[in-house]
Amino acid sequence: MLRLICEVLAAGIGTVAFALIFHVPSAYYWRCGVTGSAGWLVYSLCLPMFHALPAMFAATFAVVCISRFSAVQMRCPATIFLIAGIFPLVPGLGIYRTAYALVTNDTSSAGDIGLTTLKTAIFMVLAILLGLELPSGLFRKLANADTDSAKITTNKTKNR
Amino acid sequence: MEKDEKLVFETVALAGEVLLTSGAEIFRVVDTMNRIAAAYQCQNLDTFILSNGILISTSGKEHGSQAKIRHIPLGGSRLDRIDAVNQLSREIGLGMHSPQQAYERLKQIQKMPSRPAWQQVIASGVGSGAFCYVFGGGMWDAVAAFVAGLVLYLYFLYLVKGRLSKIAMNISGGALVTVVALLMLNLGIGSNLEMVSAGAVVPLLPGVAFTNGIRDIADEDYISGSVRLLDAMLVVACLALGVCLTSFTYNYWIGG
């Protein structure tokens, strides 16, 4: 349990670090961190219940939804949150394992792991597509309660 | 009036250029350009945007037509610029800027400074360490990945600085990360080579190209989308090749 909390925190910290590399305006760091953490939390919670692929699907979908919600609320492009928030889910370990198996001449496991990594990527693609297809009115309605505070934030950003 | 028309056209073109060089999706570039054009009553704007080029034209009222072609190399990601242009186009839509002001603001956005190099280096280290831990590495593995991430960005920002092609950069980056990971492990920091390397490789992963490529394809901009996805796949392949090179050499000469 403690490990899970630490992992979720680490995912958030890592996401903020990458947000900085991609030059996200510093006003959005918090949101990016929360988005990344939420993605990993959903993945970790779904993993014991389902297979790894549906868990990845759910996590990516959650990241896309949160990004779009934040975009409506903060009046800025969803890309800002999406690009940073998706990083904890990109299968870096799978890519490394595939490369390593290739080197050690372990062709069968290279194919195995490589295919799993590819499947993970495809499930992420599907989740992103589904998340983008959701009507934007839905997010506007969800964020509507806070529209006034969002307006104030927009003005602040403008003045800076 | 003629001058104004020209300025509006330049503004629209510049907005598109800034967005595209900052790594925005095609749909956003087209949308923003149309919005600005509509706000300034620039009629008959036609746009054709690819991931590495802009072609736009208008047919003006009296003075014939204007056209512009810009080649834009596949660039890095400057989300701050995308956000700023987005904000500006919203304000233009509300009628808050004259074309002259908008043009000057875009020039300012184009010159927005990038983050200081040391911040990027530390961010790369922190990101590597954090993701090493997320993937299941231990505390010391994360420390080793942190060092590898630092070295990687020091190498990129101070040594490479655009001297190498993207392919050479990624192959050497992947190789360097693995070298540092092996070195740390042999020094007794960290115990799981797999975790350390996987964490340290994360700053190289093409998350932006991947995400934007999918978005472009979802918006039916197939050409730009496939170019970006191809870019992402090539980066991953180069990275894996770099990792392979180092591991192979190590296993062959030292590991036995």
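Mentor: A residue is buried if 20 or more other C-beta atoms, placed from the backbone, lie within 10 Å of its own C-beta; with 12 or fewer the residue is exposed, and in between it is partly exposed. Helices (H or I, at least four residues) and strands (E, at least two) are DSSP runs, numbered from the N terminus. This is a predicted model: local features need pLDDT of at least 70, side-chain atom pairs count only at pLDDT 80 or more, and totals for chains, interfaces and linings use all residues. Residues are numbered from 1 along each chain as its sequence is written, while chains are lettered from A and ligands numbered from 1 in the order in which they are written.

Trainee: Which residues of H8(B) are buried?

Mentor: H8(B) is mostly covered, with 7 of its 9 residues buried. Those residues are Met195(B), Val196(B), Ser197(B), Ala198(B), Gly199(B), Ala200(B) and Val201(B).

Trainee: Why does Gly138(B) count as partly exposed?

Mentor: Gly138(B) sits in the loop between H5 and helix H6 (139-160) of chain B. Its class follows from its neighbour count, because the number of C-beta neighbours inside 10 Å is 15.

Trainee: What separates the C-alpha atoms of Gly138(B) and Val196(B)?

Mentor: Contact means that two C-beta atoms, placed from the backbone, lie within 7 Å. Leaving out residues up to four places away in sequence, Gly138(B) touches Ser191(B) and Asn192(B). Val196(B) is 58 residues from Gly138(B) along the chain, and their C-alpha atoms are separated by 9.3 Å.

Trainee: In what order do the 3 strands of the open sheet in chain B stand?

Mentor: Two strands pair if DSSP finds at least two bridges between them. S1(B) and strand S2 (residues 53-59) of chain B pair over 5 bridges. S2(B) and S3(B) are joined by 7 bridges. The sheet is open and antiparallel, in the order S1-S2-S3.

Trainee: Which strands stand at the edges, and what is the average twist from one strand to the next?

Mentor: The order of the sheet is S1-S2-S3. Strand S1 (46-50) and strand S3 (65-71) of chain B are the edges: each has a single partner strand, so one side of each lacks a neighbour in the sheet. From one strand to the next, the twist averages 5°.

Trainee: Which residue stands opposite Gly53(B) in S3(B)?

Mentor: A hairpin of 2 residues links S1(B) to S2(B). Across that pair, Leu50(B) has Gly53(B) as its bridge partner, and Ile49(B) has Ile54(B). On the S3(B) side, Gly53(B) faces His71(B).

Trainee: How many residues of S3(B) are buried?

Mentor: S3(B) has 7 residues and is hardly covered. Its count of buried residues is 0.

Trainee: How far apart are the C-alpha centres of domain 1 and domain 2 of chain B?

Mentor: Domain bounds come from an automatic or database domain assignment. For chain B, that assignment gives domain 1 (2-110) and domain 2 (117-255). In the contact between them, 8 residues of domain 1 meet 11 residues of domain 2. The two C-alpha centres lie apart by 35 Å.

Trainee: Which element gives the most to the side of chain B that touches chain A?

Mentor: Here 43 residues of chain B are in contact with 40 residues of chain A. Among the elements that give two or more residues to this side of chain B are helix H3 (79-93), helix H9 (207-218) and helix H10 (222-255). With 11 residues, the top giver is H5(B).

Trainee: How do the residues on that side of chain B divide into nonpolar, polar and charged?

Mentor: Ala, Val, Leu, Ile, Met, Phe, Trp, Tyr, Cys and Pro count as nonpolar, Asp, Glu, Lys and Arg as charged, and the others, Gly among them, as polar. The side of chain B that touches chain A divides into 22 nonpolar, 13 polar and 8 charged.

Trainee: What percentage of the 160 residues of chain A count as buried?

Mentor: Chain A comes to 8 helices and 0 strands. Its C-alpha trace spans about 60 × 30 × 30 Å along the principal axes. Of its 160 residues, the buried share is 51%.

Trainee: At what angle do helix H3 and helix H6 of chain A pack?

Mentor: Axes are lines fitted to C-alpha atoms, for helices over the stretch in contact, and angles run from 0 to 180 degrees between N-to-C directions. The axes of H3 (residues 52-74) and H6 (residues 107-133) of chain A are 8 Å apart, and the packing angle is about 35°.
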